[in-house]
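Hello,

Here is the structure I promised to pass on. Please have a look, then read my notes below.

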Amino acid sequence: MSAALRDRGAVVTGIDSSAGMLELARRRLGDDADLRVVDLRDPLPFDDDSFDDVVASLVLHYLEAWGPTLAGLRPVLRPGGQLIASVNHPFAVHVSQPPPRPSYFANTSCTDAWTFNGRSFTAAGFRLADSALTTEDPMIEVIPDQAAVGLRA
């Protein structure tokens with residue numbers, strides 16, 4: 001996703017708690033991204049209002065408590081910035097389908113209803129917004145224009 005966003009003109013900063021994962025990202029992105037070893041449970045090493053958008057893709061569900069991380073993400077967003085978060089890996093959808101399953105790499109339509117309490121987001125100062133992705137194109141095509149999970153208040 002970082003490479004696709006960079007190719008669309010974004011200035012990319014990436015963080016991960018694994019130096020090994022960052023090395024893989026560095027091979028893909030080259031010197032075009034600021035990549036840092038950061039544990040999301042610790043304070044972020046960025047100034048307030050540093051980012052237009054923050055993408056937390058398939059990371060929040062690994063944290064025991066989301067509240068402190070969300071509280072740390074909010075200040076680094078500029079006014080009007082978006083937190084774009086995903087927690088459901090596509091493979092989970094694939095294996096939850098009864099056999100015969102379609103190819104994992106094929107575009108398929110899936111509807112999933114989540115009941116979740118957004119208190120961790122709202123307590124951190126985010127305003128929740130519904131996001132319905134209604135395209136058959138890969139997700140990267142809709143992220144910049146449509147996929148906002150939470151907006152800074």
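Let me start with one pair. D32 and R6 form a salt bridge, and their closest N and O atoms are 3.6 Å apart. The pair ties together distant parts of the chain. D32 sits in the loop between helix 2 and strand 2, while R6 belongs to helix 1 (residues 2–7). They are 26 residues apart. D32 is exposed, at 52% relative accessible area. R6 has a relative accessible area of 19%, so it counts as buried, the cut-off being under 20%. Keep in mind that this is a predicted model.

The salt bridge count comes to 7. Here are two others.

- R26 pairs with E23, with the closest N and O atoms 3.9 Å apart. Both lie in helix 2, 3 residues apart, or about one turn of the helix. R26 is partly exposed at 32% relative accessibility. E23 is also partly exposed, at 36%.
- R41 pairs with D39, and here the closest N and O atoms are 2.7 Å apart. R41 is exposed at 63% relative accessibility, whereas D39 is partly exposed at 22%.

Salt bridges with shared partners also join R6, D7 and D32 into one network.

Now the overall layout. The protein has 6 helices and 6 strands. Along the sequence they follow the pattern α-β-α-β-β-α-β-α-α-β-α-β. Of its 153 residues, 29% count as buried. The protein exposes about 10100 Å², and carbon and sulfur atoms supply 51% of that. Take contacts between residues at least 6 apart in sequence: 59% of them join residues at least 24 apart.

Next, the strands. Strand 1 (residues 12–16) and strand 2 (residues 33–37) pair in the parallel sense, over 5 bridges. The chain gets from strand 1 to strand 2 through helix 2 (residues 19–29), and this β-α-β crossover is right-handed. Within the pairing, T13 has D34 in strand 2 as its bridge partner.

Two more places to look at. H61 lies in the loop between strand 3 (51–57) and helix 3 (67–76). What does H61 touch, leaving aside residues up to four places away in sequence? The contacts are W66 and V87. H61 and V87 are 26 residues apart along the chain, yet their C-alpha atoms are separated by 6.0 Å. H61 is partly exposed, at 35% relative accessible area.

The other place is a nonpolar surface patch of about 440 Å², made by F91, V95, Y104 and F105. F91 is in helix 4 (residues 90–96). F91 is partly exposed, with a relative accessible area of 43%.

Best wishes

Technical notes: Residues numbered from 1 in each chain as written. Predicted model: local features only at pLDDT ≥ 70, side-chain atom pairs only at ≥ 80, totals over all residues. Heavy atoms only, no water. Pairing = 2+ DSSP bridges. Helix = DSSP H or I, 4+ residues; strand = E, 2+ residues; numbered from the N terminus. Right-handed = clockwise from strand over helix to strand, strands pointing away. Patch = residues over 30% accessible without salt bridge, like charges linked within 9 Å, V, L, I, M, F, W, Y side chains within 5 Å. Areas by Shrake-Rupley, 256 points an atom, 1.4 Å probe, with all protein chains shown as cover. Salt bridge = Lys/Arg side-chain N within 4 Å of Asp/Glu carboxyl O. Buried < 20%, exposed > 50% of the residue type's maximum accessible area, 1.4 Å probe, protein only. Contact = heavy atoms within 4.5 Å.
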